[in-house]
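This is a short briefing for a reader new to the structure shown below. Please keep the sequence and the model in view while reading.

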Amino acid sequence: MLAALAVAVAALTALHRFVPNAGLRLGSLLENLLPWSGAAVVLLALCALLRRARGALVALLLPAVVWAVHFGPLLLPGGPAGARELLVAQHNVADDNPDPAGTARALSAADADLVALEELVEPALGAYREALASRYPYHAVHGTVGLWSRYPITGHRPVDIKPRDVTEPWLRALRAVVRAPHGETVVYVAHLPSVRVGPGGLASARRDESAARLGALLAAEEADRLVLAGDLNGTVDDRGLAPLTSRLAVPERGFALSYPAALPVARIDQVFAGGGTVPRVRTLPATGSDHLPVLAGIAWSGPAGR
C-alpha cells in the first residue's frame, strides 16, 4: 500500500495537468497545494521506516525525484541583485488592517522601487499615502488597488476585469506607466476574485474569468517592459492563472508562501514580468494583514528603453 501511495503521489505531482477541472475544479485545487506533495513523501517515508518496508522506501525515490525536479530549483540560492533590477513589493494589506500606518512603514523599509497594494479602503487610504509619501512621491489609486513609485508615473487608468455576474461596484485593477531608469515600464496591479473551498469543490469561476480578461489585456500590450503585481488568489501552478503565466515570467527562486499570514500554505501574492525575468521572490515580515508581503526583483533583458 505504501508503495502504491508513493506512485500515486509521483503521478499527481508530475501529471497534475491531467487531473480534470470540470465541476469540482479538483485540478486547480491540487495545483494550489502541489508543493505540499513533498510533505506527503516525508510522511510516507516515516511510515515505511516504522514498518521496515524496504520496497516502499525504494518506491518513494520516485515521488522524491519528481518533487525535486519540479520544485528543487526554487530552493537554490539566487545570484546577487543586478544594477538593472527593478525591486517590487506586493501586498494585500487587508481592508480590516488595524495598523495601516505601521504596515506602510514596514513596506517602506523594504526599499522597493514599486509598491503594489490591494484592499485599500477609506479612511486607511490616507494613512498609506502619508506614510509612503517620503520614499514614494508618485502614486496612483483606482478603486481598492494602488501603486506607489519612487519614479515618475506618467499615466494611469483603471482596468475593468470584473466578472460578468458581479453587479455591485467593483474596481480592482489598474494600469500605470512608470518612467524608470531601466526604461518605460507598464505596470498592472490587480486583485483577482477570491476562491473558496467547500462541498462543491474549489469555487474559482470568477477568479478564472477575471484572469482571462486580464490575460487578454496583457496580450494586447506592446510595451517592452511589463510588470504584473497583485493578489491573484492562485499559485503559479494553478491552471486558472494560465492566461497570465503563459505570457509572463514567474519567479525562479523562492517559495515565498504568503497566505494565510499566520500559517502560510501557498503563494497567491504574485509578481510577474514581461520582457525580463524574476530571479527571486521572498516574503517580508508580517503586518496587520492576513497576507504576508512579498518582495521580488525583476531583471530586464535587452538595452534600456525609452
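How many bridges join strand 3 to strand 4? There are 5 bridges, and the two strands run antiparallel. The model is a predicted one, in which local features need pLDDT of at least 70 and side-chain atom pairs count only at pLDDT 80 or more, while totals for chains, interfaces and linings use all residues. Residues are numbered from 1 along each chain as its sequence is written, and side-chain values use heavy atoms, with hydrogens and water left out. Helices (H or I, at least four residues) and strands (E, at least two) are DSSP runs numbered from the N terminus.

- Two strands are said to pair if DSSP finds at least two bridges between them.
- Tyr-138 has Ser-149, in strand 4, as its bridge partner.
- The hairpin of strand 3 and strand 4 has 2 residues between the strands, and Gly-143 there takes a positive phi near 60°.

**The open sheet**

- Strands of a sheet pair through backbone hydrogen bonds, either parallel or antiparallel.
- An open sheet is formed by 5 strands in the order 5-6-7-10-11, with mixed pairing.
- Strand 5 (153-158) and strand 11 (269-274) are at the edges with a single partner strand each, so one side of each has no neighbour in the sheet.
- On average, neighbouring strands of this sheet are turned by 15° against each other, direction ignored; axes are lines fitted to C-alpha atoms, for helices over the stretch in contact, and angles run from 0 to 180 degrees between N-to-C directions.
- Helix 8 (residues 205-219) packs on the sheet, where it touches strand 7 and strand 10 (226-231), and its direction makes about 170° with that of strand 7.
- Strand 6 (residues 173-180) pairs with strand 7 (residues 183-191) in the antiparallel sense, over 8 bridges.
- Ala-173 has Ala-190, in strand 7, as its bridge partner.

- Ala-190 has 0% relative accessibility and counts as buried; buried means under 20% relative accessible area, exposed over 50%, and partly exposed in between (1.4 Å probe, protein chains only).
- Not counting residues up to four places away in sequence, Ala-190 touches residues including Glu-118, Ile-161, Leu-214 and Leu-228; contact means heavy atoms within 4.5 Å.
- Ala-190 and Tyr-138 are 52 residues apart along the chain, and their C-alpha atoms are separated by 18 Å.

**Helix 3**

- Helix 3 (residues 37-51) has 15 residues and spans 21 Å from its first C-alpha to its last, close to the expected 21 Å at 1.5 Å a residue; the expected span is 1.5 Å times one less than the number of residues.
- Ser-37, Gly-38, Val-41, Leu-44 and Ala-48 are the buried residues listed for helix 3.
- The buried residues of helix 3 pack against helix 1 (2-14), helix 4 (54-59) and helix 5 (61-75).
- On the other side of helix 3, Leu-43, Leu-49 and Leu-50 are exposed.

**Helix 7**

- In helix 7 (residues 124-132), the buried residues are Ala-124, Leu-125, Ala-127, Tyr-128, Ala-131 and Leu-132.
- Their arc around the axis is only 160°, which puts them on the same side of helix 7.
- They pack against helix 6, strand 2, strand 3 (138-142) and strand 4 (145-149).

**Residues in loops**

- Glu-221 is in the loop between helix 8 and strand 10, and is buried with a relative accessible area of 19%.
- The side chain of Glu-221 makes a polar contact with the side chain of Tyr-188 (2.4 Å); a polar contact is a pair of N or O atoms within 3.5 Å, where, within protein, one must be able to donate a hydrogen and the other to accept it, and residues adjacent in sequence count only if both atoms are side-chain atoms.
- Ala-110 is in the loop between helix 6 (100-109) and strand 2 (114-118), and is buried at 17% relative accessible area.
- Leaving aside neighbours within four places in sequence, Ala-110 is in contact with Leu-87, Leu-284 and Leu-295.
- Leu-263 lies in the loop between helix 9 (242-245) and strand 11, and is exposed, with a relative accessible area of 63%.

Conventions: Arc of directions from axis to C-beta.
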